[in-house]
Amino acid sequence: MSFHKNHRSTFILLCILFTIHWSLVTGHTFSQPILRQSIKGIVLDQQTLSPLPGATVILIDIDSLVGTVSDNEGHFRLERIPIGTHRIQVSYVGYATYESPDIIVSSGKESVITVYLKEKVLTAKEVEIRGRYQKYQPINRMATVSVRNFSVDETFRFAGSYNDPARMAQNFAGVTSGVDNRNDIIVRGNSPMGLQWRLDDMEIPNPNHFAAVGTTGGPVTVLNNNLLTNSDFFSGAFPAQYGNTVAGVFDLRMRNGNNDRREYWFEIGWNGLEFGTEGPFTKKSPASYLFAYRYSMLELISYLGINLNLVPQYQDLNVKFTIPTRKAGTFTITGMGGLSYIELFDSEKSQERWMFPDYGENLANGSNLGVFGVTHQIMVAPKTRWKNMLYIVGSKVYTKIDTFSNVITTPSPWAGERTEEIKLSFSSQIFRKFSPKNSLDAGIFVDYFWMSFADSMMWKGSFLVNTGSNEQMSFLRAFTQWRHAFSNRFSITTGLFGSLLTLNNSQALEPRLGFDWIINDRHSLNFGTGLYSQMQPRVIYFLLAHHPDGNITQPNLEMDFTRSWQVAVGYNYLLTDNLRFKVETYYQYLYDIPVKRSIPEFALINQGHEFFLDRQYADSLINLGSGENYGVEFTFERFFKKNYYFLLTASLFNSTYKGYDKIERNSAFNVNYAMNAVGGYEFVVGKRKWGILSFGLRATWAGGNPYIPYDVTASMATGEPIPDWNRAYEPRFPSYKRIAFRFGIKRNMPKYNLEFLLDLQYRTNYTNIALQRINPKTGEIRYYFQMGFFPMGTWRIQF
């Protein structure tokens, strides 16, 4: 197999990094003393998030007794713990005992853990619940079904994840991906447009470089997993605090910086050249900072004079400041920003590498993202927490496409876009625990948008203007939810969510219901149902329609929300403390889907998995479409313990829609089945555990995506690409198969640790098609394939 220039440069760089790393990890191994590190953390009430002073914390996997108690602020610290993997047990009077999963203890960086304890409804010995369910139970106490808690270690550990939480989530049951060069999350056959991203309770737009308006995926994430902590991923039937989404929620949380000592890391890898640091403001202050900056690796290589075929330019910054006070609560400042730009110019290539033999494109694309928020939390009463948040989000996308041919060699404009949005948001939430049985959560959210849209494209010899306006609108939401625990083993959650879009007075009032029944220590049953809705991508509201009489209107201004009714039932069987089998079945009915009278096969829910929204056909939409998603999902999982883990998932589902003509068709995301297997083993090197060799494997097999073929005759007659709507989503691309390998070396030294990771992606089936394009002049259809063999490495030092 031949590599293009980027592959060769990447491979050479990986060889250099590996050689340097190997020389470092193989030295001074015999004289090295036993290395030790600290485990620290905080113990919180699972519902109020208030600290629990006096909790007993002990290390349970070593012969000697090592333990401590949490201080008045709930903090604990275990000193001089030998490096390796360890587990802790946390107990507190009136609360269920917690046992942690394996905690990785390394030199160079302290291990930090947050422990959430669940208050017992009854204290009788026969109903006492231990904490072994904690590993897969969600952080959100109101969630009952279709949710998975994941740890940041999994984004580092899973093969093929590239340290990206979105690519890691593609291993979960019910989740499929779009194409290899994007990290779209397609949940249960829904469009990835339906996914909601949240960071520390802030609703954020697409958190990826090279993002497109209205989409939620991209090739490189702006999120930095070195700053994230354990979070929740929802695939449906979510509780009432989540709204404006019909597909799923990625509820990410950024950890606090170490408030005891300063720590640093430096990293070179697929996601770029990175530097990060964290620590206390001062030695006597409990306030902390967390900071990471990243820059495109290929752009840096190009500065060295190496001629690369493709140079993606991007950089990003993630920060968090945590400032606790004695009486005024805790203030948090969170920020995230990313800049990206790329040029894909056929004019700089030889003619045989153009898009078509007689036709080429020059594409320039960029996207910018900024998030800045201030949060204040305070316990206004012993069991009442009040949280207020003010944040601002800004995003910008710009694209320019020029075309040329072997006859007209000078590129001329064909399409362009410039979209800018600013959102100012305020939210206020209050949580009250009346007793171990009853708790209430309620809140309001206010968003105000400033938007600027401008895009046009060449169509039948003249420029067609799709958008061109500056707009403003507000979006109001509120929720309340109640949890009642009848016993330690059975609880019910009820809730209500409401929203109002001032642009056209679209409204929603959505009841939610769920229950969680722990049948015994090994078996549990979960249920969730409710109504859900989602605002359309904002640019779609302001599309222009060009009428034969010359008038131009904005017919989408009155579009309503897309709505959904969902129900899900799940069963968990804990075979051992670390081995789980789960099966979940669901049904989703979607309605009020925007469709088009003049193209009855069109439906907006089929958009969202490419680098653009197809605005050419998205004007004059009406909410008369419907759809169904139903399926069953299986998960067999071994949590990391004794040096190995695995996750096996299988999803069988059907996803269909009805356009204006009421004919049922496959949705664009109806691949019908998806199977994933990911696992790994870590070998501890040396009696004193100075190093770790890790091996990981991931295999994926999924059905092919349905697509709309081209009408070749009409395309050649008009000179423009024309879809064959009569066959919309009837044909499919071939099934998708891929294998990924991961190899890693970690070396612990007295004051730092070194790590090298190598990911090898390999496409096993060369018919894996990503997309198709037609040459309207000749009728030639050219297919573009998924990535083939692609090596990606990461080298990191922590100190």
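How many Å² does the accessible surface of the chain come to, and what share of it belongs to carbon and sulfur atoms? The accessible surface is about 31,900 Å², and 60% of it belongs to carbon and sulfur atoms. Areas come from the Shrake-Rupley method with a 1.4 Å probe.

## Basis

This is a predicted model: local features need pLDDT of at least 70, side-chain atom pairs count only at pLDDT 80 or more, and totals for chains, interfaces and linings use all residues. Residues are numbered from 1 along each chain as its sequence is written, and side-chain values use heavy atoms, with hydrogens and water left out.

## Overall form

The chain has 799 residues, for which a compact globule would have a radius of gyration near 28 Å; the value here is 27 Å, which agrees. That radius is taken over C-alpha atoms, and the globule rule is 2.2 Å times the number of residues to the power 0.38. Along the principal axes, the C-alpha atoms fill a box of roughly 80 × 60 × 45 Å.

Of the 799 residues, 58% are buried, meaning under 20% relative accessible area (1.4 Å probe, protein chains only). Take the contacts (heavy atoms within 4.5 Å) between residues at least 6 apart in sequence. Of these, 66% join residues at least 24 apart.

## Secondary structure

The chain holds six helices and 45 strands. Both are DSSP runs, numbered from the N terminus: helices are H or I with at least four residues, strands are E with at least two. Two strands pair if DSSP finds at least two bridges between them.

## The β4-β1-β9 sheet

Three strands form an open sheet in the order β4-β1-β9, with mixed pairing. β4 (75-82) and β9 (111-117) are the edge strands, each pairing on one side only. Neighbouring strands are turned by 25° against each other on average, direction ignored. The angles use lines fitted to C-alpha atoms and run from 0 to 180 degrees between N-to-C directions.

β1 (residues 36-45) runs parallel to β9, and seven bridges join them. Val43 has Val115 in β9 as its bridge partner.

β39 (residues 673-685) runs antiparallel to β37 (residues 644-658), with nine bridges between them. Leu647 stands opposite Val678 in β39.

β39 also runs antiparallel to β40 (residues 691-702), here through 12 bridges. Val684 has Ile692 in β40 as its bridge partner. The hairpin of β39 and β40 has five residues between the strands, and in it Gly686 takes a positive phi near 85°.

Methods: Buried means under 20% relative accessible area, exposed over 50%, partly exposed in between (1.4 Å probe, protein chains only).
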